[in-house]
Amino acid sequence: MNTENYIHNKDRISDLPDALLLHILSFLNIKQAIHTCILSTRWKNLWKYLPTLTLVSSQFTTVEIFTEFVSRILSLRDNSTELHTLELRRHKVMESCLLETILKYAVSHNVQRLDIGVTCDIQRFPTCLLSCRTLTYLDLYVSHPTVYGTTILFPCSLDMPVLTSLGIWHLAFSVGNDGRVDPFSALTSLKSLNIVYCEVADEQNLYISSTKLVNLYIYMVRYAPKTYFGIELSAPNLCTFIFSGVPVQKLCWSKSGLSSIKRVSIDIIEFWKSEETSLILVDWLFELANMESLIISSTTLQVLSLVPNLLFELPSLCNLKSLRVEKKQISSIPDGIVDILIQNSPSPKVYIRD
């Protein structure tokens with residue numbers, strides 16, 4: 001035997017400890033991970049102990065095949081292994097019972113991170129998640145197969161004591177027993193909140209109260225007048241505020257102000273430019289005048305330029321240290337508006353990015 005060739009051809013990867021091999025497999029979706037079974041007996045059952053589970057339905061031709069595959073995965077996976085992360089992607093219609101089964105399995109195995117993006121006909125927030133006490137990260141995107149817009153009712157409160165990051169899409173907020181819409185107050189560890197394509201029932205303001213909230217992202221678009229809602233903030237440690245979409249007139253701030261916010265990003269979409277919107281934007285800048293960093297799109301600057309006597313209407317951004325303008329192809333930067341914006345700022349750094 002040629003010893004040199006034997007050493008050269010030896011399977012060194014299979015000699016690695018299980019923890020390292022499982023870490024390698026965690027970068028694959030579950031179907032790819034299962035395919036490693038053919039490598040050797042060393043790999044045959046390794047996938048069953050994966051702490052991450054990535055289910056991507058685009059790899060399956062029919063709903064039935066995907067459903068059967070998921071059912072077999074959940075039944076064959078080692079039942080004593082906790083599930084740290086579950087990612088589910090299904091853009092074709094998914095049966096609500098299958099979604100419920102997957103989420104129940106994740107919760108029963110102490111899931112910590114959930115990233116869900118599916119099309120499914122459900123009306124309420126998944127009940128199995130209401131009291132998930134191990135969840136630290138949740139991004140929930142559920143779109144209806146036939147109805148455009150918001151379809152799922154968000155619960156009045158959630159019992160998730162260690163949840164630090166929450167992203168919600170296409171959800172409707174309702175009034176609680178106290179007569180206000182305050183769905184996040186029970187999330188005592190929440191630090192990051194993303195609200196996208198959401199609505200509020202009964203023309204109420206959405207009250208965001210969180211003592212630990214640091215980052216807030218909102219994407220708001222006008223579907224119809226009934227979807228207009230205001231946002232009242234009570235977040236003394238909020239540091240970053242990011243907004244994309246159309247600012248509505250009912251958007252408002254709490255009386256305590258927003259002096260804690262240091263980083264701001266505002267991007268108003270192109271098709272909604274009016275003097276009304278521009279005046280709302282000026283009100284925002286007054287509330288956010290303590291910011292140190294501002295990212296603003298060229299479309300937003302165009303909206304701002306519609307303000308009569310803009311030079312005298314803008315607040316003094318005395319703490320502004322950095323201004324970045326995101327130039328979009330569909331819009332130009334109005335002449336002189338950048339200079340007007342920073343007129344009272346002590347030599348901020350200005351970046352213009354195409």
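Buried, in these legends, means under 20% relative accessible area, exposed means over 50%, and partly exposed lies in between, as found with a 1.4 Å probe and counting protein chains only. The structure is a predicted model, in which local features need a pLDDT of at least 70 and side-chain atom pairs count only at pLDDT 80 or more, while totals for chains, interfaces and linings use all residues. Residues are numbered from 1 along each chain as its sequence is written, and side-chain values use heavy atoms, with hydrogens and water left out.

View 1. Helices (H or I, at least four residues) and strands (E, at least two) are DSSP runs that are numbered from the N terminus. Of the 354 residues in the protein chain, 47% are buried. The chain exposes about 17,500 Å², of which carbon and sulfur atoms supply 52%, the accessible areas coming from the Shrake-Rupley method with a 1.4 Å probe and, for residues, with only the protein chains shown counting as cover. Among the contacts (heavy atoms within 4.5 Å) with a separation of 6 or more, 70% are accounted for by residues 24 or more positions apart.

**View 2. Asp115 and Arg89 form a salt bridge.** A salt bridge is a side-chain nitrogen of Lys or Arg within 4 Å of a carboxyl oxygen of Asp or Glu, and by this rule the count comes to 6. Between Asp115 and Arg89 the closest N and O atoms are 2.9 Å apart. The pair links distant parts of the chain, 26 residues apart, with Asp115 in strand E3 (residues 113-120) and Arg89 in strand E2 (residues 85-94). Asp115 is buried, at a relative accessible area of 19%, whereas Arg89 is partly exposed, at 22%.

**View 3. Asp267 and Lys328 form a salt bridge.** Here the closest N and O atoms are 2.7 Å apart. Asp267 belongs to strand E14 (residues 263-268), while Lys328 is in the loop between strand E16 (322-326) and helix H9 (337-341), so the pair ties together parts that are 61 residues apart in sequence. Asp267 counts as buried, with 18% relative accessibility, and Lys328 is partly exposed, with a relative accessible area of 29%.

**View 4. Glu326 and Arg324 form a salt bridge, and another set of residues is joined in a network.** The closest N and O atoms of Glu326 and Arg324 are 2.8 Å apart. Glu326 is buried at 18% relative accessibility, and Arg324 is partly exposed at 27%.

**View 5. An open sheet is formed by 3 strands in the order E5-E7-E9, with parallel pairing.** Two strands pair if DSSP finds at least two bridges between them. Strand E5 (152-153) and strand E9 (199-200) are the edge strands, each pairing on one side only. Strand E7 (residues 171-173) pairs with E9 in the parallel sense over 2 bridges, and Phe173 stands opposite Val200 in E9.

**View 6. Strand E8 (residues 192-196) is mostly covered, with 4 of its 5 residues buried.** Strand E6 (residues 165-169) pairs with E8 in the parallel sense over 5 bridges, and Gly167 stands opposite Asn194 in E8. E8 also pairs in the parallel sense with strand E11 (residues 215-220), over 5 bridges, and Val196 stands opposite Tyr219 in E11.
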